[in-house]
Amino acid sequence: MGILHSVADTSAGADASPAARAAAAGRRPDLGAGASPAADGPAVEITHLRKTYGSLVAVDDVSFSVAEGEIFGILGPNGAGKTTTVECAIGLRPPDSGTIRLLGLDPQADRDRVHEIVGVQLQESAFPAKLRVGEILEEYRSFYRRPADVTELVDALGLAGKRRDYYRSLSGGQRQRLSVVLALIGGPKIAVLDEMTTGLDPQARRDAWELIEKVRDRGVAIVLVTHFMEEAERLCDRVALIDSGHLVALDTPAGLTARARGGKRMRFVPSGPFDDRLLTGLTEVAAVQHDGRHVVVTGTGELVNAVILALHAAGITARDVQLDASTLEDAFVRLTGTRLHQNGDQP
Ligand SMILES: Nc1ncnc2c1ncn2[C@@H]1O[C@H](COP(=O)(O)OP(=O)(O)O)[C@@H](O)[C@H]1O
Ligand SMILES: [Mg+2]
């Protein structure tokens, strides 16, 4: 798989960041200097995308759009169709049906202009073993009219000391980080990162996350393919859950989580017996269950305050109060019936 080059216009500049917040709130951020002159529309707009390989339907009726300044996650297990979706999105694969627009441009018909605005880190990329890191960086930099600050990128991804090293001597994690640098080197308006942090150690992963947030703060739309929950939860404004080629859900990480559980859950040990109706009568409470000495209450809103106040009014103290946050992992299992990854596959 080749690397998609882009000759980028870096005029997105250093605008500070309300973009992502606006995107998360469902508004299109006003970035002023936004898109290149002719390009317009959402950063990414995919409608009813379908892609088959022979008799295998890899992507079936997937639709979503991504705003400028948004980090949009595509999350799903191996084989779900994530890579196929982004390869179609950037014009590397023609879809069987459906439409794709990147800032209003068709990636098949407007290939050259799309390459100016999109930076891509693909899951598989390889360079000639005998090239040095610095040579690869220089070559890529030369493709762009106004490249990003390469030193800053290289520092941020911990490759500063590696410029003289041969590509073949890099570890898997270092190669991965180099591919992220190359995706961002042209200062793209849209960055597509496929499994960006797979193979990175925890520190490198956190560094990569910080870098992505900085890039987003400049108004760049980021499409982040991942199978790591923690990454999606930490970084993404919205997440598309994809399973077996289908878009199963699309929401904020918090929204997905809440949807899966139907709200919050608290556990406590009451100081004495009480009538469940004391709690089930509260608007915040959905259900009350007993688990040995523990009481488990599920509900929404200011659940904990409401429960503690109601108990207090009845002369009961709640001890050992625990609030468990339901996670995106729970959401995934609930919405798809499958686990996202096996043990040992954690970041
Ligand atoms: N070039 C290809 N030819 C045939 N089948 C493919 C090809 N690429 C991917 N697939 C199949 O399509 C499905 C989706 O793959 P992919 O998009 O790579 O998923 P993901 O990135 O979510 O792991 C898988 O069943 C995979 O085996
Ligand atoms: Mg993939």
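1. Helices here are DSSP runs of H or I with at least four residues, strands are DSSP runs of E with at least two, and both are numbered from the N terminus. Counted that way, the chain has 12 helices and 13 strands. The model is a predicted one. Of the chain's 347 residues, 42% count as buried. Among contacts between residues at least 6 apart in sequence, 73% join residues at least 24 apart.

2. One open sheet has six strands in the order 5-6-7-3-8-9, and its pairing is mixed. Strand 5 (118-121) and strand 9 are the edge strands; each has a single partner, so one side of each is left without a neighbour in the sheet. From one strand to the next, the twist averages 15°.

3. Helix 6 touches strand 5 and strand 6 (190-194), and its direction makes about 170° with that of strand 5. Helix 7 (residues 202-217) touches strand 3, strand 6 and strand 7 (221-226), with its direction at about 150° to that of strand 7.

4. Strand 8 (residues 238-243) deserves a separate look. Is this strand mostly covered or mostly open? It is mostly covered, since six of its six residues are buried. R238, A240 and I242 point one way from strand 8, while V239, L241 and D243 point the other way. The buried residues of strand 8 thus include the charged residues R238 and D243.

5. Strand 8 can also be followed through its partners. Strand 3 (residues 71-75) runs parallel to strand 8 and is joined to it by four bridges. Across this pair, G73 stands opposite V239, and I74 stands opposite A240. With strand 9 (residues 246-251), strand 8 pairs in the antiparallel sense over five bridges. There, D243 has H246 as its bridge partner. Strands 8 and 9 form a hairpin with two residues between the strands, and S244 in this hairpin takes a positive phi near 45°.

6. A second open sheet has four strands in the order 11-12-10-13, with antiparallel pairing. Its edges are strand 11 (285-291) and strand 13 (318-324); each has a single partner strand, so one side of each is without a neighbour in the sheet. The twist here averages 20° from one strand to the next. Within the sheet, strand 10 (residues 264-270) and strand 12 (residues 294-299) are antiparallel and share five bridges. In this pair, K264 has G299 of strand 12 as its bridge partner. Helix 11 (residues 303-313) packs on the sheet and touches strand 10, strand 11, strand 12 and strand 13, its direction making about 25° with that of strand 10.

7. The nonpolar interior comes next. In soluble globular proteins, nonpolar side chains tend to be buried together. In this model the largest nonpolar core has 77 residues, and those with the most contacts inside it are V181, I190, V192, I222 and L224. Helix 6 (residues 172-184) gives the largest share of this core, six residues.

8. Two residues other than glycine have a positive phi and may be checked side by side. E195 has a phi near 55° and is found in the loop between strand 6 and helix 7. D320 has a phi near 50° and is found in strand 13. Why does E195 count as buried? E195 has 20 C-beta neighbours inside 10 Å, and a residue is buried if that number is 20 or more. D320 has 9 such neighbours, and because a residue with 12 or fewer is exposed, D320 counts as exposed.

Technical notes
Residues are numbered from 1 along each chain as its sequence is written. Chains are lettered from A and ligands numbered from 1 in the order in which they are written. This is a predicted model: local features need pLDDT of at least 70, side-chain atom pairs count only at pLDDT 80 or more; totals for chains, interfaces and linings use all residues. A nonpolar core is a set of buried Ala, Val, Leu, Ile, Met, Phe, Trp, Tyr and Cys residues joined through C-beta atoms within 7 Å. Two strands pair if DSSP finds at least two bridges between them. Axes are lines fitted to C-alpha atoms, for helices over the stretch in contact, and angles run from 0 to 180 degrees between N-to-C directions. Two residues are in contact if their C-beta atoms, placed from the backbone, lie within 7 Å.
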